[in-house]
Amino acid sequence: MTAIADQPTEPGLRPSAGASGPAGAVGVPAPRPAPGPAADEGLARRLKALACTAPLHDLDNRKVNLAGEYGGYAMAEVGLAAIDLVTLHMDFDTGADRDIVLARLLPRVAAQAPTRPAAEHERVARWVLESMINVGSVDRGFRAVYGTFGADGEYVRRDYDFKLIEEVPGPDGGVYLRTTDEAVNVLVGALDTDVTSAQIAAEVKLEVLIRRGRLADAQLAAEQARYRTVQYAETLRRALEATRRNVRAVDWMRTIPDLIDEALDHIADRYRHENAILTNIRKARDEAEPHTPEGAEHKRRAAELLDIVKDCIRRHTKLQTRLLEAGPLFRAEQDRQAFATPGARSGIDLYGQLLAPVLRLPVEQAVRPTGAFFARGAGLRTPVSVRVADLVDLLLTPPVEREHLGAELPDPDLVATPDDSRFSEAQLEAALLLLDLPADAPRRLSGLLAEARTQDPDLPYLVALLAVHAASPPVGTAYRQGEERLLFAVDDGTPLRDPEFGGADLIVGSALLDAAGMAAERKDAG
Amino acid sequence: MTTHHDTSWAAETEPAAPAPITPADVADAARLVSFGLQAKLLPARDAEYAELVRRHREDPPFARLADAIATGMGLVVLEVSPRAGMAVAAAEDSLFAVRMGDYSRRAATESTDRFLHGLAHLAVAAMAFPRPEDLADDGYLGRITVNGVDSFVRQACRRLEEQADADGANTDPASDAPGLEAAWRVWSRRTATGATKDARRLSGSTTGIVAKAVLFLVDSGFLQKVSDDSGGTYRTTARYQLQVRDLAGSAAMAELLDLGVVPVSDGTASLLPPDTADDLVADAGLPFHSL
């Protein structure tokens, strides 16, 4: 085995030829051991696949170098879980949020060493994630060295560069995580196949498994199907992104319309399958006997499976929206170009004549044209010249002492505003008490109004207002503020029968928010 | 000012007697050059500058004087016009030239970083002026974003990678000859962005390198910031177009020819219909704004 993964997080990633020298158990280039170039290529491919797993093994090897007692953690497991989490949280536009991934990683880390402090768990999760990104190397990637035989039978050592988790810019300027194809291959194995056919196979398998009640296997299959869905979305995302930037670089006559049709067909197909699966699982879940431990396990698995399939459906909806937007986007871009007036003279084609040819060159040659472009294209800088007199003044001026507390603030003139609130504090309290519903027992608005009316003739108005407000609850705000519960109202179509109010008889209830997850995330952010 | 007009008038009516150059003329001409050195200053914003530009256009001896001063200082005059002012660029080895080593300390030692910084500048220009007409059309304003430039280059790299895969070529470079690695691989394997402790852009990432280039060009008076969208959105100025068209493009092209690479152009564009060109096609779908 000639492939030796570099030590991740080692700044000088490029190994000199000498440094990788002792790698050669196969190093002697004498008689050619491989029977032909095809076998050699196959070997190289397997060596590369092997190299992709090296950073995971490396985690456990390097944990002894950390300051502290980290022997109790199975780092490779955490690393694989991190790749898993990033893949599942990857969105169509952006990648996975780093904080969310870390928060979800924590329970596993904590379970591995429950006696250790939470701060250490956090440090481990962070270290693993950073190692998977390989923070500290300038490329933030890994490099492995492998050997091949050239056309003339000469043995050549080559560098294979790859990333497992990469950082991408998000639309809000933040940094998000995406798993690379290599990582998905490491994760699920042999995924480098035709996405569609693999998807169909997984579906068939899933249906059969569910029919037979083999839920544990079905869950595995469903999870694999979800990875494939993610991969499919990723392929499409790239194609659409390229289209958005560059209309003519993409074949809008055939390739892209075909791709979109195919994807839409695929989505329609998947909807049918997934809805069928949903029905089947619901049946399995509801028929399971909850009182026996076996039945309870069955029920739990079915519920998990349900979540996975629902997530698949959500992803498909998103993909479909994107597909439908692609056509209008193309037409808008095309219009913009078609109506631009052609110039009289012609200039240099910067892309076709400069950028594209430069990218093809070996880097040691490519430096020359880019250097020339930089020297002539970056503009000029006026050199700074200092007079001795100024310099002396500058150096002798004592530094301006800044007031520690800053300037004094004038007292603001406050005018008491008249209290013109419609409802009193006591009324608000009464209404909130009324709406303080247990999480598992939502109520109809009509009942709440009737109860409020018995207390105070004005109170129903306030209750109705609060209920309507809860129809679009500020989930994000509540989440950020770390609230544990949130009032919500849903319209199920029942009309409201009330002497004072009309409209829908809303169902009002409390939703519990994941307080533990939020706390972990806030801690990360802070 | 009126006296200068009299002298130029005299020069035109009596060509035999050249107008005498007074120290005041030299001072004015040097003043014009100094305005030109302030790249962000435009004649539309400064009455004195506008007057000197007008005089440069109407008074040939004064124009010659100003050009001579600029040349003597190590400057190349690209254009003197109301829209661009006195657009001057640093001649090679001039006092005003920017050296890569001053620009980025890392680029001074690492040849891959030197390449990446140079390529970022080239890519910014290529994205700002996607078609040859855009570079030629004086009224054209290019528009770029930092993230857009990075994904533009990445897309080009991906194309080359796919092409190499289709050809069955092994693009992994030999370990003992890193300089022979294909240039596109250097960009594509560098991280696009990265989280840092102080929430700033990772300077070694490709978006960091592009952002550095863009900020530098803003300081050179070549770009103007429009918004913070997509890592920063910028539009080009007339000076940038001149600089790229008349200096940088041809300088890079000369190096390329020197390396034996002859980029073929039929004069119009590399905007070929997609079915005939599986090859890379110039970037036409970029958002641009023509005046």
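A: Let's look at helix H11 (residues 363-377) of chain A and helix H7 (residues 111-128) of chain B, which pack at an angle of about 55 degrees with their axes 8 Å apart. Helices here are DSSP runs of H or I with at least four residues, numbered from the N terminus. The axes are lines fitted to C-alpha atoms over the stretch in contact, and angles run from 0 to 180 degrees between N-to-C directions.

A quick word on the source: this is a predicted model, where local features need pLDDT of at least 70 and side-chain atom pairs count only at pLDDT 80 or more, while totals for chains, interfaces and linings use all residues. Residues are numbered from 1 along each chain as its sequence is written, and chains are lettered from A in the order in which they are written.

Back to the pair: H11(A) and H7(B) are therefore oblique to each other (under 35 degrees is roughly parallel, over 145 roughly antiparallel, 65 to 115 roughly perpendicular, and the rest oblique). Their crossing is left-handed, meaning the near helix is turned anticlockwise from the far one by less than a right angle.

Who touches whom? On the H11(A) side you'll find A:Val367, A:Phe373 and A:Phe374, among others, and they meet a group in H7(B) including B:Phe115, B:Leu119 and B:Leu122. Contact means C-beta atoms, placed from the backbone, within 7 Å. The residues of this contact divide into 9 nonpolar, 8 polar and 2 charged (Ala, Val, Leu, Ile, Met, Phe, Trp, Tyr, Cys and Pro are nonpolar, Asp, Glu, Lys and Arg charged, the others, Gly among them, polar).

Note on methods:
Helices (H or I, at least four residues) and strands (E, at least two) are DSSP runs, numbered from the N terminus. Two residues are in contact if their C-beta atoms, placed from the backbone, lie within 7 Å.
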